[in-house]
Amino acid sequence: MEQSLITSMLFATLVAGTPLIIVALGELITEKAGVLNLGAEGTMAMGAVAAFAATHYTGNPYLGVLAGMAAGALMSLLFGLLTLTLMANQVASGLALTIFGVGLSAFVGKPFESLTLPAVPAIRIPLLADIPLLGPALFNQQSLVYFSWALLGGVIWFLYKSRAGLILRAVGESPSSAHSIGYSVIGIRYLATTFGGAMAGIGGAFLSVFYTPLWVEGMVSGRGWIALALVVFATWRPLRVMAGAYLFGGVMISQLFIQGSGLQIEVPSQLLSALPYLATIFVLVLISRNQQTIRLNSPMSLGQPYRPDA
Amino acid sequence: MLSFKLETRPEASRTMSYLSPLIAVALTMLGGLLLFSALGKDPLEGFQVFFLNPLRHWYGVSELLLKAVPLMLIAVGLAIGFRANVWNIGAEGQFILGACGATGVALAMGDSSGPLVLPAMVVAGALGGAAWAAIPAFLRTRFNANEILVSLMLVYVAQLLVSWLVFGPWMDPDGFNFPQSKMFSDSALLPLLVEGTRLNLAFVMALGVLVIGYVFMHNSYLGFKMRVAGEAADAARYAGFSAKRMVWIGLLVGGACAGLAGMAEVAGPMGQLTDKVASGYGFAAIIVAFVGRLNPIGIFFASLLMALLFLGGEQAQLYLSLPASISKVFQGMLLFFLLGSDLFINYRLRVRLTLAKAGD
Amino acid sequence: MHQEQATAAADAQPRLILTGIRKVYPAVVANDGIDLSVMPGEIHAVLGENGAGKSTLMKIIYGVTRPTSGHMVWEGQPVTVENPAHARSLGIGMVFQHFSLFETLTVLENVALALPGKPDMSDLARRIESVSKRYGLPVDPRRHVHALSVGERQRVEIVRCLLQNPRLLIMDEPTSVLTPQAVRKLFETLRQLASEGCSILYISHKLDEIQELCHSATVLRGGKVTGACIPAEETPKSMARLMIGKDLPACEHTAAPADGEIRLKLDGLSQASIDPFGTDLKNLQLEVRSGEIVGIAGVSGNGQAELLAAISGEAPLSEKGPVQICGNAAGRLSPDQRRQIGLCFVPEERLGRGAVPSMALSDNAILTAAVSKGLVRHGLIDFRAAKAFARECIARFNVKCAGPAAQARSLSGGNLQKYIMGREIMQAPKLLVAAQPTWGVDVGASAFIRQQIIDLRNAGCAVLVVSEELDELFEICDRIAVIADGRLSPTRPLAETSVEDIGVWMSGMWPGSESAATSTSNQ
């Protein structure tokens with residue numbers, strides 16, 4: 001293979017994996033607190049449309065990212081209100097959030113369809129970007145790609161080195177114990193859920209402002225769900241989230257490259273497009289097969305409502 | 001000073017569990033009024049266009065019933081699974097596969113007319129949906145893979161599959177390259193119930209499925225087992241009810257019902273297979289199942305309501321120049337309000353009036 | 001230390017005074033005008049049977065819940081305890097009956113979570129080691145909690161409290177999870193603490209322990225104070241009368257009849273636990289015959305849950321042979337299949353396992369009696385038959401409830417246990433397996449349940465009881481065995497053993513066991 005092809009495939013893989021990393025790390029924090037938010041798909045859609053609108057009106061993509069983040073946080077607050085305050089079923093509420101988010105984004109996004117935004121230029125890191133083969137792919141990237149790396153470092157530090165992370169893990173393992181030694185379980189779960197929503201909003205913003213600078217209904221096309229699967233695939237460990245996200249990015253990109261390469265192969269394009277979804281199923285099966293691993297690593301109170309008796 | 005306190009009820013309130021959907025509907029309509037005025041429309045006019053216009057004529061009512069048919073069918077199947085905590089949310093994909101199965105039969109039969117064409121399509125539709133649902137069932141029971149994610153991923157795959165079919169092998173040669181199959185022959189179309197409308201035999205079929213679903217859920221031992229599995233998994237294991245069997249039944253029944261709905265769509269109002277065969281019925285039916293309290297009688301009414309939201313969206317597009325996706329906003333609101341007001345099934349609010357002390 | 005001088009100076013003043021504490025829950029008044037006072041250095045018992053309101057009162061003192069009305073005075077100052085962190089800052093520590101520990105975290109992390117601010121981890125580890133040395137509570141700060149035994153976990157809880165130099169320590173039923181020997185060690189620690197000026201509130205329903213340890217006692221019944229006494233001046237009988245309002249009921253127990261047929265045989269049962277933090281079963285041997293009650297004692301978490309699941313079929317084996325029920329090799333049968341050959345099982349968890357909380361009692365009857373009582377015909381449920389069966393069970397077993405339509409979750413623990421026990425016994429089992437049959441049940445209901453078990457035995461049923469309450473096992477069993485670390489001791493006829501012997505066995509040291517062989521090298 002040509003060098004430039006390797007570089008550009010690597011570059012594209014990192015870009016494709018980035019929204020997955022951001023969204024999945026957000027969901028990871030939410031789940032570590034014991035909250036299962038299945039609304040990532042709808043939250044991303046809202047983040048994407050909010051970011052597009054804000055960028056369209058202000059011309060500043062970073063204000064767009066902020067808007068996407070705010071929209072995502074608001075969506076997750078709605079979820080928190082339902083599941084944490086009103087103690088609704090988390091699975092049903094997550095589905096509701098997705099249905100609502102996908103619908104609302106289509107509704108408010110109608111005026112923005114068929115508009116485009118100017119591409120956001122990449123940020124080149126001097127010297128590092130000159131490394132042959134890898135340099136241009138790794139260090140001449142979109143700002144949010146760098147952000148996803150920083151986020152990974154931050155999440156690892158938070159979960160395993162900080163006291164707040166210790167409290168978060170404790171709440172996710174046994175909310176009743178955490179309550180009895182005096183922690184506000186509901187408050188901590190709200191924070192974790194809001195963080196997850198904000199990250200899903202940024203993930204959406206990346207899609208509509210950086211990745212393909214336009215808004216189309218349904219443009220998230222399952223990435224929110226894939227991010228949820230990634231968290232399981234990573235057995236709730238941040239580093240593996242990144243590995244999994246790039247694996248998926250690789251699958252998405254290679255099928256695009258094959259479709260666009262004009263290679264005469266006897267495979268229908270639809271099958272190639274289905275690859276990311278089939279790959280998701282495949283890795284889920286692969287990792288879930290070992291129930292012991294899942295049970296050891298998943299937060300023990302995941303998905304269970306908690307209400308302190310007052 | 002007013003103070004509010006939430007208290008656990010000693011027993012779940014049955015009254016509240018029936019009242020809660022009604023409260024949710026009322027709140028959704030209220031939300032609708034606010035939404036219309038926020039969009040700069042006259043809220044009363046918006047309300048009329050959205051909720052009343054579709055029902056002005058008998059034709060409108062027949063369209064409402066027509067739209068409600070797939071929702072009823074899918075929601076009953078899903079409810080059986082949901083009661084057992086089997087979260088099949090890929091009904092949209094199973095719907096598509098049902099439509100494909102039925103289309104396969106219809107196309108294979110060609111113009112040959114016969115009384116067996118429709119029954120064969122019904123069977124093929126149900127089998128198609130069930131087969132698609134069997135994938136998450138197998139992966140869940142054999143490898144413990146989460147059925148929510150697997151069934152959902154398969155929706156995307158099903159959409160690509162139907163797109164391949166209508167762009168490829170099943171494309172109508174005389175269809176000017178449109179992504180659609182040949183029109184079905186008359187013997188492959190469901191007979192109309194009322195001339196001049198599009199309402200067809202599938203409505204009767206759906207009512208039959210509702211009745212069967214009711215008996216299954218409320219009177220059968222198997223239905224009881226599934227309820228136990230959903231409400232207390234440890235109790236089900238203690239009693240000896242096989243969890244794997246519950247997963248299989250929940251998914252297969254859900255898939256078969258969704259497949260049936262897909263068959264009814266291609267053999268009914270569409271008359272052919274296109275790549276747009278699924279228009280969100282599979283997801284809307286999730287809301288129908290919840291709003292209907294996972295109970296066939298409730299599902300009947302909830303599907304009418306949901307169908308009204310679909311039609312209202314079309315009306316809003318025509319007369320208020322709002323995007324049709326407004327109906328999805330309403331659907332989401334409805335489910336939110338329902339989940340929220342369900343709180344009062346298990347809790348009650350104590351409002352206490354305490355006189356403020358002087359100086360407070 | 002000047003702090004000790006300060007306590008000495010304040011000796012005249014009670015450390016804690018409660019007046020008129022009242023706590024109302026929707027269905028029940030848990031505390032109704034409770035008065036109590038504790039002096040520095042005093043070990044004060046709060047005595048009462050299950051449901052008397054002891055735990056609620058302690059949660060109020062520790063700030064976990066708020067009282068509906070009433071006042072609390074702490075070292076002379078009126079206080080309202082906002083939350084547990086506030087309680088700890090005042091100098092109140094609490095050791096919970098169900099530990100508030102996090103299994104996947106280390107001892108060090110668990111302790112750090114309960115301390116204010118950001119403690120330095122290596123410094124904290126040293127402090128843990130010094131406190132545990134000083135009070136004879138050995139714990140290793142670096143170990144994960146899930147790897148600890150129940151006794152070690154309790155030590156972690158106590159050390160966690162002591163690190164904050166509490167002036168009042170609340171112990172909620174601390175001995176229910178300990179061997180008799182470990183209880184003795186705990187008492188030494190508590191006496192040492194009291195002699196240093198710490199007040200201790202000791203919650204228990206075990207009269208002999210209170211007599212041995214406590215300086216004074218407050219007795220609760222039905223949420224009210226029914227008496228105060230100096231335990232040393234009372235007899236267990238007189239305290240029991242204060243506690244339950246009448247004399248302790250005793251069960252009628254005759255000798256076991258001659259050798260019956262074998263109804264349960266464990267033949268080399270070995271199985272890995274499905275719970276990652278569970279205990280694997282190692283080569284268990286046991287026989288239970290018709291007409292006898294065999295008891296299995298042991299500290300919880302030593303394989304009881306796994307053993308019960310293996311017998312009931314909730315965790316089926318890969319081989320048939322190791323579990324034999326009424327002559328059938330049943331290892332691979334499912335729970336309902338085992339029920340059809342004569343097994344009935346009463347699990348420890350009543351709500352959520354023995355009964356579905358949200359379902360009516362009549363529906364809960366269908367859970368296990370569907371086949372044996374003919375409640376299902378042609379795949380359809382006969383609701384009338386289910387209701388009749390539930391009604392009969394409620395009447396025969398004295399279940400206080402609103403009727404067959406009452407939801408299981410609306411019943412008190414004791415009444416639900418009577419209902420579940422009745423449901424199983426009315427199916428006329430050949431073999432009954434019961435886990436903790438009277439756990440959390442009041443004295444009257446306990447005596448009733450025990451008598452039912454004995455009557456069932458007299459009718460020729462084989463009974464296996466797994467319990468952590470030694471007193472209970474010694475009251476009803478004919479033979480007794482001990483489970484420790486997934487291994488089962490040989491059985492002994494009750495007449496040939498004592499609470500002391502069984503206590504030693506509970507730490508895994510019975511004649512011929514591996515731990516007995518290696519115990520000298522461990523010491």
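Predicted model: local features only at pLDDT ≥ 70, side-chain atom pairs only at ≥ 80, totals over all residues.
Over residues 199–217 of chain B the chain runs 84% helix and 0% strand, with helices being DSSP runs of H or I of at least four residues and strands runs of E of at least two, numbered from the N terminus.

Residues are numbered from 1 along each chain as its sequence is written, while chains are lettered from A and ligands numbered from 1 in the order in which they are written.

An unreviewed UniProt entry gives both stretches as "transmembrane region", and its list for chain B also includes 64–82 and 94–110. Such positions use the numbering here, feature names are shortened, and annotations may be inferred rather than shown by experiment.

Chain B as a whole has 14 helices and 2 strands. Its C-alpha trace spans about 90 × 60 × 35 Å along the principal axes.

Now for the partner. The contact takes 36 residues from chain B and 36 residues from chain A, where contact means C-beta atoms, placed from the backbone, within 7 Å. On the chain B side, helices H5 (117–143), H6 (147–167), H11 (281–291) and H13 (326–341) each supply at least two residues. H6(B) gives the most, with 11 residues.

Note on methods:
Contact = placed C-beta atoms within 7 Å.
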